[in-house]
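Subject: Predicted model for your review

Dear colleague,

I am passing on the structure below, together with notes on what was found in it. Please read the notes with the model open beside them.

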Amino acid sequence: KSVEELPVEECVHAPKYVLSFDLKPDDSLLVKCGLSTTDAEGAKRNLEKEIPGWDFDAVRLAARSKWNEILSRVTVKDSDPDATTQFMTSVYHMFLAPTDIADVDGRYRGADGKIAVAPTGRYYSELSLWDTFRGAHPFYTIASPELVPDFVNSMLAHFVQGCFIDFASFTDVFDSFVWSAQIFFVEGSRSAFAYACDGYERQQ
């Protein structure tokens, strides 16, 4: 019905709008949103690939099926149903992140602000290693080993792009080598380990 553009603060780079719709009492409003760290064209391609149609129920069922596939990898044997609920809720939370931020063509905006292409088409962000390296990432190695190589390659790419990764990431990298994962940034991993260990020694 109408589009109103709002003032943009100095530190904000994207425009903001208020959209008004002339909906009847029984009407439904369907909205799709494409996301990309690269550019608007990347967001459009992601949306066209991931949600090409407008069937809301089909999208919901596909998401439910995917979550069931992931959560069914874990079986809890406990006589306390509350403990089972708490544990499975934690598993659900674990798989909300890290997030694959690569576009459908593998492009992503790296830590250096430049657009790069992930060797496998996947690049993970929100690794939060100090919070997850003790429990969550060893669990990923057991419950979802197919994800671990891309986690590690994303960490090492992050380092190659000029950012620091510390020894909290070592367990994930070592697990990947033990499980014969394909590591693309081998030289980067050696440099990252040396740099992190040197930094740790300086703190002592």
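Phe-95, Tyr-124, Tyr-140 and Phe-151 are joined into a cluster by ring pairs, where rings of Phe, Tyr and Trp (for Trp, its six-membered ring) pair if their centres lie within 6.5 Å, and where planes under 30 degrees apart count as stacked, over 60 as edge-to-face and the rest as tilted. This is a predicted model, in which local features need pLDDT of at least 70 and side-chain atom pairs count only at pLDDT 80 or more, while totals for chains, interfaces and linings use all residues. Residues are numbered from 1 along each chain as its sequence is written, and side-chain values use heavy atoms, with hydrogens and water left out.

The ring-pair rule gives a count of five aromatic pairs. One of them is formed by Trp-67 and Tyr-92, which is classed as tilted because the ring centres are 4.6 Å apart and the planes stand at 55°. This pair links distant parts of the chain, since Trp-67 belongs to helix 2 and Tyr-92 to helix 3 (residues 81–94), 25 residues apart; helices here are DSSP runs of H or I with at least four residues, strands are runs of E with at least two, and both are numbered from the N terminus. Trp-67, with a relative accessible area of 24%, is partly exposed, and Tyr-92, at 34%, is partly exposed as well (buried means under 20% relative accessible area, exposed over 50%, and partly exposed in between, with a 1.4 Å probe and protein chains only).

The pair of Tyr-140 and Phe-151 is edge-to-face, because its ring centres are 5.3 Å apart and its planes are at 70°. Tyr-140 lies in helix 5 (residues 136–143) and Phe-151 in helix 6, so this pair ties together parts that are 11 residues apart in sequence. Tyr-140 and Phe-151 are both buried. Elsewhere, the charged end of Lys-32 sits over the ring of Trp-54, at 4.3 Å from the ring centre; the criterion is that NZ of Lys or CZ of Arg is within 6 Å of the ring centre and within 35 degrees of the ring normal.

Helix 6 (residues 148–160) also holds Ser-154, which counts as buried because its relative accessibility is 2%. Leaving aside residues up to four places away in sequence, Ser-154 touches Arg-122, Tyr-123 and Tyr-124, a contact being heavy atoms within 4.5 Å. Between the C-alpha atoms of Ser-154 and Asp-100, which are 54 residues apart along the chain, the separation is 9.5 Å. Ala-157 is likewise placed in helix 6 and, at 4% relative accessibility, counts as buried; from C-alpha to C-alpha, Ala-157 and Ala-111 are 8.7 Å apart in space and 46 residues apart in sequence.

As for open space, the largest pocket holds about 1,300 Å³. Among the 34 residues that line this pocket, Glu-50, Lys-66, Thr-99, Asp-100 and Tyr-124 are the closest to its centre. On a 1 Å grid over the protein atoms alone, a pocket is an open set of points where a 1.4 Å probe fits, with protein on both sides within 12 Å along at least five of seven lines, and lining residues have an atom within 4 Å of a point. Helix 1 (40–50), helix 2 (56–71) and strand 3 (99–100) each supply at least two residues of the lining, with helix 2 giving the most, seven residues. By class, the lining has 20 nonpolar, six polar and eight charged residues.

Two backbone details deserve a look. Ala-97 and Pro-98 are joined by a cis peptide bond, with omega about 0°, and Pro-98 falls in the loop between helix 3 and strand 3. Glu-126, a residue other than glycine, has a positive phi near 60° and is placed in the loop between strand 6 (124–125) and helix 4 (129–132).

Overall, the protein has eight helices and six strands, and 28% of its 204 residues are buried.

With best regards

Methods: Points joined across faces, edges and corners; volume = space filled by probe spheres on them. Nonpolar A, V, L, I, M, F, W, Y, C, P; charged D, E, K, R; others polar.
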